[in-house]
Amino acid sequence: MTVETELAAEVAAVTLDKPADDHAASDASDDEPSSTTTPAEGAAAPKKKKKKSKKKKSKPTAQTEPPSIGLSKFFPDAKYPEGEICEYTDDDNRFRTTSEEKRYLDRMNYDPLNDLRKAAETHRKVRQYAQKYIRPGLTTTEIAETIENAARALAEGDGLEAGVGFPTGLSLNHVAAHYTPNAGDTTVLQYDDVMKVDIGVHVNGRIVDSAFTVSFDPKYDKLLEAVKDATNTGVREAGIDVRMSDIGAAIQEVMESYEAEFDGKTHQVKAIRNLNGHNIRHYLIHGDKSVPIVKNNDQTKMEEGETFAIETFGSTGKGYVHSSGECSHYSRDADAGHVPLRLNKAKTLLSTIDKNFGTLPFCRRYLDRLGEDKYLLALKNLVQAGVINEYPPLVDVKGCKTAQFEHTIVLRPTCKEVVSRGDDF
């Protein structure tokens, strides 16, 4: 027998013996107590607990009144609605609609434009409620705070990240602009009043500036119609490479073609010649360009990528305003460098302003809301030092009525977008 044959025989023997050993081991294990317990006969087996499925939060179907639900709840993908899209129709800019290069630039600018659209959607929802809410008998303080609280809630911010873009303007009758109530103001809205409601909303410093006028007596309808038509004319005429003088001339022609009859008199509606629209920059409500509402010789052109507030003011008075009354509007001067301040209170106040508003406009009510008190002397000191600019109310002659309408537009590389456009105006 060879060695290989002997090895094969031994392996076979081991294999044949193995089942017997395993069986013996099994018998031995049967004599030992089991380490696992089994339920007694007839006892119910323990029930398995069912995992509770987490319900997905559904987005709200309607906004509250007054508005209080943040817009992100309605737009979970964070893509906010476009405004009114207007294609460039002039020969020099018609190519932009289909240009791949301009479309690329559009895509590159998506994030700031989306922030602006969120601000615009906030504005639409807030003013939609304001138009239903505003009525004679309310104080201007009640109106302003209702609007501003809603803007903060929907924009989901209360400071430099988002929220109110500037103090809510509620200028009455001959007062054309820059009035918002200070603390202690008891002004009550009357049936015969004509009130300009100027609302600002920002998201990450992208500001939407849009305004409308409220009146309750139908006799003022023609005045409001004239100004709304003039604003829409300005929006239509605005575009890349358009001269400011041409926009102003078109606005004035439309505005002053209207007459308003009330109180036994016929009033020509006049464009307020020293009030203008303006470009809007990042965190700056007033940029370095003005959009006139009367004919002039300004040859400055609008340019690609710029944002403008197209606003017009009409008056049954002289059509010219001057500063008068207690100031409520202020803003940090963006060009002011370091200015040495002697008053400690002024230094503290400036720190509060920088932290909460930066270069966004603010009013006294906002300082009150932050817990500031006895600050008027410090505020005056900051104004005198040139660090803070003040904007007192702008008024025409007493007894006249003024109106305002305004939209924010963006001159995108491929089209003009009226971001603040809504079903109301």
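Trainee: Is glutamate 406 buried or exposed, and how do I read that?

Mentor: A residue counts as buried when its relative accessible area is under 20%. In this predicted model, glutamate 406 has a relative accessibility of 0%, and therefore counts as buried. Glutamate 406 belongs to strand 17, which covers residues 402–411.

Trainee: Which residues is glutamate 406 in contact with, apart from its neighbours within four places in sequence?

Mentor: Contact is a matter of heavy atoms within 4.5 Å. For glutamate 406 the partners include Asp198, Asp209, Thr231, His278, Glu311 and Phe425.

Trainee: Where does UniProt place the feature "binding site"?

Mentor: Such annotations may be inferred rather than shown by experiment. Here the unreviewed UniProt entry gives Asp198, Asp209 and Glu406 as "binding site". These residues span 209 residues in sequence, yet no two of their C-alpha atoms are more than 8.2 Å apart, so they gather at one spot. Asp198, Asp209 and Glu406 are also part of the lining of the largest pocket.

Trainee: What can be said about the surroundings of aspartate 209?

Mentor: Aspartate 209 lies in strand 5, made up of residues 206–215, and with a relative accessible area of 3% aspartate 209 is buried. Not counting residues up to four places away in sequence, aspartate 209 touches, among others, Phe166, Asp198, His278, Glu406 and His407.

Trainee: Which side chain does a polar contact of 3.4 Å join to that of aspartate 209?

Mentor: For a polar contact, the pair of N or O atoms must lie within 3.5 Å. In this case the partner is the side chain of histidine 278, a residue that is also in contact with glutamate 406.

Note on methods:
Residues numbered from 1 in each chain as written. Predicted model: local features only at pLDDT ≥ 70, side-chain atom pairs only at ≥ 80, totals over all residues. Heavy atoms only, no water. 1 Å grid on protein atoms, 1.4 Å probe; cavity = no way out; pocket = protein on both sides within 12 Å on 5 of 7 lines; lining within 4 Å. Helix = DSSP H or I, 4+ residues; strand = E, 2+ residues; numbered from the N terminus. Buried < 20%, exposed > 50% of the residue type's maximum accessible area, 1.4 Å probe, protein only. Polar contact = N/O pair within 3.5 Å; in protein donor to acceptor, adjacent residues only side chain to side chain.
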